[in-house]
Amino acid sequence: MAALVGPREYSLEPQRHPSLRINAKEPFNAEPPRAALVSSYITPVDLFFKRNHGPIPIVSDIDRYRVSVGGLVGKSIHLSMADIRKLPKYTVTATLQCAGNRRTAMSKRRKVRGVGWDVCALGNAIWGGARLCDVLELVGISKNSSATVNGGKHVEFISVDMCVEENGGPYKASIPLRQATNPDAEVLLAYEMNGEVINRDHGYPLRAVVPGVIGARSVKWLDSIKIIKEECQGFFMQKDYKMFPPIVDWHNIIWPTRKPQMDFPVQSAICSLNDDDVVDSNKITVTGYAVSGGGRGIERADISVDGGKTWFEARRQQKPGDRWAWVLFSADVEVPADAEIVAKAVDSAANVQPEDVGTIWNLRGILNTSWHRVRARRTPRRSAAGLGHPRL
């Protein structure tokens, strides 16, 4: 029996936090409540969103676990966790975000297919492990390489989890070799999350963490790493997580006409209020998050209380140097009796969120980065005359 296996049924799933909003039970997909998500700059492991495509893999014997590294290289190797821990350890604070974050709102405009995520399919963690570029040096690939002598140009991560979409085969995805070998890209083979051994839900014993890229490329439960000539031909690279225009639907889709999505665009959401909420004061504090992919920082988070007619800038919180991490924002606002509160962010490349979800609608409901809108209504004040007197 292999040391790391992907079960075919769900009887051995790990325990999860009771506050999680469950969007799908099998496979398990869940996100935290809005307010809980932004209560901490570093997302607690239990409240970090869970995105799965099959039953959670099981490690039977960690001492026998090996991840293979091979493909279009001069030699192949098999690394134990002890081998990986001997390499220099790096920590990277990075926000991982599911490409389907905020899908539910897009589906309200026009139906899409996929897990119905609210605004919390992301989290910010401190990942610890070995740099992928250091691991690849063990098979003769120098840092900042774009190709191997054998023609390899991509690095494929292969898991052990069993996915229906892969006809029961493993989940897999790839990134360009030039990104994998670039120390500044800070791609990790992570074995720690927030200073503790990474747990089963998040990839124990070893996962890829690709900062600034949609979460679908940060493959969990690694079985092998292969250097390949072309990008991965797996389902989730070739027939999912691609951005199509609104005119394309399931009857006329041609998958090869679009490249696999990598970086995620600038994004923000309000987390202190639900979509339609009641407040008891005309002065409230609006809080939420903003994040952009590719290492682009957040230049501004803007808030409106009149549906986007006028704007002001929110305060931003981020640890200096955390270029892969989100920004948490807050703003003290005065709201009218019936307010449409809107958030939008601008990143360091001056990219700004689109106003209308209809302009970015796509059949899979990915990358909903439109302005985030919530409704806030004030609780009506009861007059003294209306209170009356208690009967004796």
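Student: Quick one to start: is Arg296 buried, partly exposed or exposed?

Tutor: Arg296 is partly exposed, with a relative accessible area of 23%. Buried means under 20% relative accessible area, exposed over 50%, and partly exposed in between (1.4 Å probe, protein chains only). Keep in mind that this is a predicted model: local features need pLDDT of at least 70, side-chain atom pairs count only at pLDDT 80 or more, and totals for chains, interfaces and linings use all residues. Residues are numbered from 1 along each chain as its sequence is written, and side-chain values use heavy atoms, with hydrogens and water left out.

Student: Which side chain does Arg296 meet in a salt bridge?

Tutor: Asp347, at 3.3 Å from N to O. A salt bridge here is a side-chain nitrogen of Lys or Arg within 4 Å of a carboxyl oxygen of Asp or Glu. Helices (H or I, at least four residues) and strands (E, at least two) are DSSP runs, numbered from the N terminus. Asp347 itself is buried, at 2% relative accessible area.

Student: How many salt bridges turn up in the whole structure?

Tutor: The search finds 27. One of them joins Arg109 and Asp356, with the closest N and O atoms 2.8 Å apart. That pair spans 247 residues, from helix H3 (residues 103-109) to the loop between E22 and E23. There's also a network of salt bridges linking Arg21, Glu31, Arg34, Lys108, Asp118 and Asp275.

Student: What does Glu340 in E22 pair up with?

Tutor: Glu340 has a salt bridge to Arg373, 3.4 Å between the closest N and O atoms. Since Glu340 is in E22 and Arg373 in E23, the pair ties together parts 33 residues apart in sequence. The bridge partner of Glu340 in E23 is Arg375, though.

Student: What's the strand order in that sheet?

Tutor: E16-E23-E22-E18-E19, an open sheet of 5 strands with mixed pairing. Strands E16 (276-279) and E19 (312-313) are the edges, each pairing on one side only. Two strands pair if DSSP finds at least two bridges between them. E22 (residues 338-347) and E23 (residues 372-378) run antiparallel, joined by 6 bridges, while 4 bridges join E16 to E23 in parallel.

Student: And which loop holds Gly307?

Tutor: The loop between strand E18 (298-304) and E19. Gly307 is buried at 18%. Beyond neighbours within four places in sequence, Gly307 contacts Glu340, Val342, Trp371 and Arg373, where contact means heavy atoms within 4.5 Å.

Student: Switching topic: where is Asp161, and what's around it?

Tutor: Asp161 sits in strand E9 (residues 154-163). Asp161 is buried yet has no salt bridge, and the nearest side chain of opposite charge, Lys220, is 6.9 Å away. For that charge label, Lys and Arg count as positive and Asp and Glu as negative; His and the chain ends are not counted. Past four places in sequence, Asp161 touches residues including His53, Tyr171 and Trp221.

Student: Which UniProt feature covers residues 53-235?

Tutor: The unreviewed UniProt entry gives "domain: Oxidoreductase molybdopterin-binding" for that span. In the model, residues 53-235 are 13% helix and 36% strand, and the end C-alpha atoms lie 12 Å apart. UniProt positions are in the numbering used here, feature names are shortened, and annotations may be inferred rather than shown by experiment.
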